[in-house]
Amino acid sequence: MAERSAQIVANLEEVRRRMAAAAHRAGRSPTEVQLVAVSKTYPLEDIVAASAAGQVDFGESRLEELWAKVEAARDRQLSPLRWHLIGTIQSRKTREAVGPFTLIHSVDRTKVAQRLSHDAVAAGQRLDVLLEVNVSGESSKHGFSPDELRTESAALLALPGLQIHGLMTLAPYSDDPESTRPFFRALRQLRDELATRHPQSDWSQLSMGMTNDFEIAIEEGATLVRVGSAIFGARTP
Ligand SMILES: *Cc1c(COP(=O)(O)O)cnc(C)c1O
């Protein structure tokens, strides 16, 4: 157990070092990029270990698991953590996505955005969210197509229960991380376009980059990277 904790701490340090190096390569300050440690499938003990090493932001894909960990962390009276929802929300489960979460990265279609907004308003909340974009067009990926987002951005911005802060994407997996660069660049360009069209809104956040490709994403402007296996080890599916 102690060995496992020490490994997580060492992995975290290595990820942070690589993040800073990528930021410097791109002439950016490392403080512009936040690390979301993706703890899905891993137990609370691993979150405790990372938290003791100064990690504050944690990401989970499934609402059930997220809520269980939020409550377990509360019961254990861990120092306050920031929770990020990064997985697909089923449209009939939007009410469960209204909670003590710092940011929802995965608002991936209009119906989900509308229902989330409705449920947030009913709970007296305004949720901080990102819009997920399917930049690659792969059918296995969730998210708005870039054209859909161009058409629907004004209506999405008008939803009273959501506060949009930017965009999120997943690049296609590749053994060659360099091949992900065009997808990250396309997300940034789409963000710039939307920011020009809606300058009164906040488009500051770009959530992109995972274990395989976070350095490329940082070079292309990521402000949030979502890294799991490089910190906690490979997940058994
Ligand atoms: C699991 C997951 C990650 C982290 O993946 P790793 O390859 O383990 O870093 C990032 N983003 C999303 C949306 C995920 O589901």
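**The ligand and its surroundings**

Modeller: Start with Lys40: an N or O atom of its side chain sits 2.7 Å from an oxygen atom of the ligand. Keep in mind that this is a predicted model. Ser229 is another case, with a side-chain N or O atom 2.6 Å from an oxygen atom of the ligand. On its own, the ligand exposes 390 Å², and the protein buries 88% of that area.

The residues around the ligand include Val38, Ser61, Ile86 and Met210. Arg226, Val227, Gly228 and Arg235 are also among them.

Next, Thr236. This residue lies in the segment that follows helix H8 (229-232). Thr236 counts as exposed because its relative accessibility is 72%, and the cut-off for exposed is over 50%. Thr41 is 195 residues from Thr236 in sequence, yet their C-alpha atoms are 8.6 Å apart in space.

Now helix H6. This helix runs over residues 181-197, 17 residues in total. From first C-alpha to last it reaches 24 Å, close to the 24 Å expected at 1.5 Å a residue. Its buried residues are Arg181, Phe184, Leu187, Leu190, Arg191 and Leu194. An α-helix has 3.6 residues a turn, so residues three or four places apart point the same way.

Key: Residues are numbered from 1 along each chain as its sequence is written. This is a predicted model: local features need pLDDT of at least 70, side-chain atom pairs count only at pLDDT 80 or more; totals for chains, interfaces and linings use all residues. Side-chain values use heavy atoms; hydrogens and water are left out. Helices (H or I, at least four residues) and strands (E, at least two) are DSSP runs, numbered from the N terminus. Buried means under 20% relative accessible area, exposed over 50%, partly exposed in between (1.4 Å probe, protein chains only). The expected span of a helix is 1.5 Å times one less than its number of residues. A residue is near a molecule or strand if one of its heavy atoms lies within 4 Å of it. A polar contact is a pair of N or O atoms within 3.5 Å; within protein, one must be able to donate a hydrogen and the other to accept it, and residues adjacent in sequence count only if both atoms are side-chain atoms. Accessible areas come from the Shrake-Rupley method with a 1.4 Å probe; for residues, only the protein chains shown count as cover.
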